[in-house]
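Here's a quick briefing for anyone opening this structure for the first time. Have a look around, then read on for some places to start.

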Amino acid sequence: MTFSELEYKDKVARLVSWGHWFTFANAILALVISLGYLAIVDLPDTITGQLFLLVYWAGHFSFLTFLIFLALLFPLAFVLIRPWIMQAVSALLASVGVGLLIIDILFFDAYRLHLNLFAFELAISPEGGLLDFQFWQLALVLSFIFIVEFLLGLWLWRSPTRNTTRKLARTTATALTACFFLSHFFHIWADALFYAPITSQKHYFPLSYPATAKTFLRDHGWVDVDKYANEFREQRFSSKTLNYGVQNLPSSQAAYTNSVLVVVIESWRSDMLTEEVMPNLYALSRSGLRFTNHFSGGNGPSEGVFSLLYGLPATYQDHVTKASIPPLVSSALEREGYIRSAFTSSRKLNDRIEMVAFKGFEQFQTGDSGIGNAANDRRIAKQWTQWYQNKESDAPFFTYLSLSAPSNFATPAGYKSPFQPDFEGVHLFSDTDLLDEVQLRNRYKNSLHFVDSLIPAILEPLRKDGSLANTTVIFTSDHGMELNDKGGNNWGYNSNFSSYQTQVPLVLLSSDVGGADIEMLTSHYDISAQLLHQLYGKSVDVSELTSGHPLLGDSRHNWLFMGDAKHFAILEKDRLTELRMSGQYKIYDRGNKRNRSAKLRVKPMREVLEELRRFYSD
């Protein structure tokens with residue numbers, strides 16, 4: 001009996017049976033092609049990690065292929081009754097899937113990222129795309145894959161299956177199914193125990209979402225998650241894949257021995273360096289360099305401080321901290337005999353970041369929530385003065401000092417706040433609904449005015465012993481502060497990448513520079529680059545060591561990266577592109593107005609993605 005003579009249900013059954021074999025064949029094909037990922041990624045150091053990688057690879061790609069059958073081919077079997085139409089459509093769908101898999105492997109090899117909506121749009125862009133092929137080449141490859149898939153489907157339709165073939169296919173399918181479930185059970189165990197050789201593999205493959213169950217296991221008392229979390233924080237991880245560290249510094253001795261004082265006023269936005277709000281700093285800035293188009297490396301504390309100290313995008317933060325790699329500029333200063341100290345008046349930073357970034361520093365922290373940020377700032381300023389006056393060595397110093405009152409709109413009790421009406425005691429993020437905008441803005445200004453009153457006392461010991469002439473002093477912030485500038489009740493930071501949250505002041509005071517406004521685009525990445533340039537001069541190309549350029553050099557930024565791996569922005573001279581790794585993006589002009597008709601630009605995106613993997617060893 002021919003196919004056309006069969007009843008409808010028998011035709012569907014035959015097409016579904018063919019679909020099973022076609023899916024099985026493509027699952028094997030996907031496994032072969034996806035071996036490319038295994039050739040790209042760093043193999044785990046442990047046998048357990050390597051075993052998981054193989055099991056997860058086999059289960060993941062076979063399951064993805066099965067999902068395509070379940071979602072597409074199986075329903076089509078009830079609609080496309082003619083075999084050749086079913087085979088043609090199935091071949092088309094399979095060729096698209098195989099083509100996307102090949103493109104994703106190439107993209108992952110180039111940028112260590114998987115395709116998403118914006119990445120795919122750029123990858124096939126007429127401008128040349130992020131990958132080195134043209135649209136016609138892609139069309140040619142897809143056409144070839146379609147022909148192969150169509151011939152495969154035709155052969156499977158016409159070739160009778162033998163019992164031995166069925167047994168082999170059934171055994172293979174069972175093994176692949178077991179691999180899928182086993183890999184997820186493996187990951188649940190590894191995630192609960194913070195076993196990095198396995199959990200670090202979750203981004204190796206596209207559409208990878210391995211199962212986790214920490215909360216469930218903790219609630220049932222089956223795993224002491226907190227215990228393993230603490231052990232994980234104490235672990236040291238290999239840094240062999242990151243080409244960043246003291247090993248890249250020149251062997252020559254530094255020619256520059258000035259001390260360095262970096263004062264970070266938390267949540268200080270760029271338009272608040274005025275004579276009215278901050279009279280002391282404003283007067284000081286007249287004798288130094290004022291960088292009026294300066295941006296943090298992010299819109300939050302961790303990204304801002306990391307980009308300032310390391311000169312790298314915060315996408316490297318997780319790897320750097322887990323591998324306990326100190327900032328390059330810190331290592332350079334230590335090698336040159338500098339005394340290093342850090343004074344912080346809040347606990348906004350992750351303990352792990354502080355421990356690594358200030359490794360080898362004399363550390364002082366007054367993050368006492370019981371007395372408030374303003375009192376902590378007074379205390380930390382006093383501790384800095386005492387430390388400086390009592391230090392035993394005359395060696396140059398590098399000091400990081402942060403003041404946190406503006407981050408919580410704080411002033412001490414009894415402070416004569418010049419901006420009224422005000423509401424003493426407001427705490428950002430908890431009391432904003434009780435106050436109007438004028439009160440909140442004045443509260444923020446008053447907190448900056450208070451911090452400004454501490455600056456003379458901070459610099460006084462340097463003036464007193466004459467060492468200010470031999471000290472480079474830098475004033476800046478970790479990020480900005482939005483004050484509902486665009487409406488919509490947007491206050492604070494870490495919610496978007498508008499200039500209100502990312503543009504910050506930068507003032508550089510040094511005896512060898514005069515007063516001037518610098519309007520070129522600069523970033524926190526440039527601060528460590530400038531310090532390294534001061535140390536080693538032209539004997540080293542600091543742009544090879546960091547993502548920045550010397551502040552006083554001739555190089556210019558065409559774009560700036562801000563944010564982390566999940567949510568980031570690309571700032572260009574005429575616009576800001578805000579992206580999420582899930583694929584969504586928004587484009588704004590430099591006035592923070594949404595431009596819905598604008599499209600992604602290939603060149604800066606390519607350069608950004610290259611920068612985000614430049615410091616990883618191949």
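Which strands does helix H20 (residues 602-611) lie across? The answer is S13, S14 and S15, and H20 runs at about 55° to S13. A word on the ground rules: this is a predicted model, where local features need pLDDT of at least 70, side-chain atom pairs count only at pLDDT 80 or more, and totals for chains, interfaces and linings use all residues. Residues are numbered from 1 along each chain as its sequence is written, and side-chain values use heavy atoms, with hydrogens and water left out.

**The four-strand sheet**

- Helices (H or I, at least four residues) and strands (E, at least two) are DSSP runs, numbered from the N terminus.
- S13-S14-S15-S16 is the order of an open sheet of 4 strands with antiparallel pairing; two strands pair if DSSP finds at least two bridges between them.
- At the edges sit strand S13 (559-563) and strand S16 (585-589), each pairing on one side only.
- From one strand to the next, the twist averages 20°.
- S13 and S14 are antiparallel partners over 5 bridges, with a hairpin of 3 residues joining them.
- Across that pair, Trp559 stands opposite Glu572 in S14.
- S13 is largely enclosed by the rest of the structure, because 5 of its 5 residues are buried (under 20% relative accessible area, with exposed over 50% and partly exposed in between, using a 1.4 Å probe and protein chains only).
- Strand S14 (residues 567-572) also runs antiparallel to strand S15 (residues 575-580), joined by 5 bridges, and here Leu571 stands opposite Leu576 in S15.

**The eight-strand sheet**

- There's also an open sheet of 8 strands with mixed pairing, in the order S5-S4-S6-S1-S7-S10-S2-S11.
- Strand S5 (362-365) and strand S11 (516-518) are at the edges with a single partner strand each, so one side of each has no neighbour in the sheet.
- The twist in this one averages 15° from one strand to the next.
- Strand S7 (residues 471-476) and strand S10 (residues 507-509) run antiparallel and are joined by 3 bridges; Ile474 has Leu508 in S10 as its bridge partner.
- Helix H19 (residues 525-536) lies across strand S1 (259-265), strand S6 (397-403) and S7, at about 175° to S7.

**Helices packing together**

- Helix H1 (residues 8-33) packs against helix H3 (residues 47-76) at an angle of about 150°, and their axes are 9 Å apart.
- Axes here are lines fitted to C-alpha atoms, for helices over the stretch in contact, and angles run from 0 to 180 degrees between N-to-C directions.
- Residues of H1 that meet H3 include Val16, Gly19, His20 and Phe22, while the H3 side includes Trp57, Ala58 and Phe61; contact means heavy atoms within 4.5 Å.
- By class, that contact has 12 nonpolar, 6 polar and no charged residues (Ala, Val, Leu, Ile, Met, Phe, Trp, Tyr, Cys and Pro count as nonpolar, Asp, Glu, Lys and Arg as charged, and the others, Gly among them, as polar).

**Two more stops**

- Helix H4 (residues 83-111) has 29 residues and reaches 41 Å from first C-alpha to last, close to the 42 Å expected at 1.5 Å a residue; that expected span is 1.5 Å times one less than the number of residues.
- Just after H4, Arg112 takes a positive phi of about 55°.
- Leu138, in helix H6 (residues 135-158), counts as buried at 13% relative accessibility.
- Leu138 and Gly99 are 39 residues apart in sequence but 8.5 Å apart in space, C-alpha to C-alpha.
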